[in-house]
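Please read these notes with the structure open beside you.

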Amino acid sequence: MSDEAAVAPCARLVRDFVNTYEPQVDEESLSTPDALKAWLVGEGLLRPGTRVRAADLARAVAFREGLRQALLGNAGHAADATALRGLEEVLATVPVRLTLTDGRPRLLAAGGTPFDRALAALAEAIRECAERQVWGRLKVCDRGTCRWAYYDSSRNRTRRWCSMAGCGNYIKMSRRSAGRSRAPAP
């Protein structure tokens, strides 16, 4: 089974939502309300004809960047308290209710706009990650310029980089180079 096949759909959704912005190259996938709508429709969280407003985009970005900080905490790093507060503020506005009808607790949208229901689905994905005990496996890359979200499928849950071939190699080579420059000349 490939690493990607081991990722629960709920974790994939959270990870992919966080990765709608790539800090390393400053690439924003959710640059307009229409881009946000397209992403949500693509994930099955919104119907194609739904209107998404600029205020919805601002809430989605605050939600996403707060999640990025939470995943930074999962990786053992200090998280930005302001971004976490922004996440909490958005979550406080999402109308959800708990249901037990399917034999397990789930969060469902409790009214609100179609966009509110999409955010409720993201909140449910987070809850399901916790239930499946995979929330702690969602992390962001240790490389300060990267911060790409990834799923840590390592047995001991100690993976630090989104990719060993990319960021991991870069960090290790940088450390090795720095060590050589400090070493006394022979």
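1. Arg64 has a relative accessible area of 1%, so Arg64 is buried (buried means under 20% relative accessible area, exposed over 50%, partly exposed in between, with a 1.4 Å probe and protein chains only). The model is a predicted one, in which local features need pLDDT of at least 70, side-chain atom pairs count only at pLDDT 80 or more, and totals for chains, interfaces and linings use all residues. Residues are numbered from 1 along each chain as its sequence is written, and side-chain values use heavy atoms, leaving out hydrogens and water.

2. Arg64 makes a salt bridge with Glu65, with 2.7 Å between the closest N and O atoms (a salt bridge is a side-chain nitrogen of Lys or Arg within 4 Å of a carboxyl oxygen of Asp or Glu). Arg68 also bridges to Glu65, at 2.9 Å. Arg68 and Glu65 both belong to helix α3, three residues apart, about one turn of the helix (helices are DSSP runs of H or I, at least four residues, and strands are runs of E, at least two, numbered from the N terminus). Arg68 is buried too, at 4%.

3. A salt bridge of 2.7 Å, N to O, joins Asp152 and Lys139. Asp152 sits in the loop between β6 and α6 and Lys139 in strand β5, so the pair ties together parts 13 residues apart in sequence. Asp152 is buried at 0%, and Lys139 is buried at 5%.

4. Cys129 lies in helix α5 and is buried, at 0% relative accessibility.
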